[in-house]
Amino acid sequence: MITRELNEILNKTYNYIKDAVWHKKYSDVIEIFDLLLFTEYVCEEVGNPEYDDFDEVYDSFKRNLNDFKDLLDFDFNELLLYAIYSVIINNHYNNKNEKIFNYIKYRTINIMQVKNIGIEEIKNFDKFYDEWIKFLDNKK
């Protein structure tokens, strides 16, 4: 379950990432997506204040975005494509394949779909894709 407050934050983050891609702020997209994807949220189960006179924590557990990605108001895979597009088009990464692999290692996604994201054409996409396939073969 996602609280209303967390859901609102996640929706605003999603909208910001989409807007940042359209404004070519690729470094912002990558930074925000990394924070979103790799943050662990600590949840505490506390007693019901209507019945308890104290704030005892009954249970504490950690969650990350993977735990509730299916409960989001938006398509997580679409957000993932925006992040991958930003990594590919941004020239600040020596090992783009490793970065992208860390994004998708627990997901199934067709990386060819990034060609339909953003306003800039990905130059030399075929070369990138060939390198990506070789990278995946080496990971096996």
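Predicted model: local features only at pLDDT ≥ 70, side-chain atom pairs only at ≥ 80, totals over all residues.
Looking up its place in the chain, I found Asn 90 in the loop that runs between helix 4 (76-89) and helix 5 (96-104).

Next I turned to helix 1, which covers residues 4-22 and so counts 19 residues. From the first C-alpha of helix 1 to the last I read 27 Å, close to the 27 Å expected at 1.5 Å a residue. Which residues of helix 1 are buried? My list holds Asn 7, Leu 10, Asn 11, Thr 13, Tyr 14, Ile 17, Ala 20 and Val 21. I keep in mind here that an α-helix has 3.6 residues a turn, so residues three or four places apart point the same way. After helix 1 comes Lys 24, for which I noted a positive phi, near 60°.

I then searched the whole structure for salt bridges and found four, of which I wrote up the following.

One of them joins Arg 4 to Glu 5, with 3.3 Å between the closest N and O atoms. Arg 4 is exposed, at a relative accessible area of 60%, whereas Glu 5 is partly exposed, with 47%.

Another is formed by the side chains of Glu 8 and Lys 12, at 3.5 Å from N to O. Both of these residues belong to helix 1, and I noted that Glu 8 and Lys 12 are four residues apart, about one turn of the helix. For Glu 8 the relative accessibility is 38%, which makes this residue partly exposed, while Lys 12, at 55%, counts as exposed.

A further salt bridge is the one between Asp 34 and Lys 99, whose closest N and O atoms are 2.5 Å apart. This pair ties together distant parts of the chain, since Asp 34 sits in helix 2 (residues 26-38) and Lys 99 in helix 5, 65 residues apart. Are Asp 34 and Lys 99 buried or exposed? I recorded both Asp 34 and Lys 99 as buried.

Terms used:
Residues numbered from 1 in each chain as written. Heavy atoms only, no water. Helix = DSSP H or I, 4+ residues; strand = E, 2+ residues; numbered from the N terminus. Expected span 1.5 Å × (residues − 1). Buried < 20%, exposed > 50% of the residue type's maximum accessible area, 1.4 Å probe, protein only.
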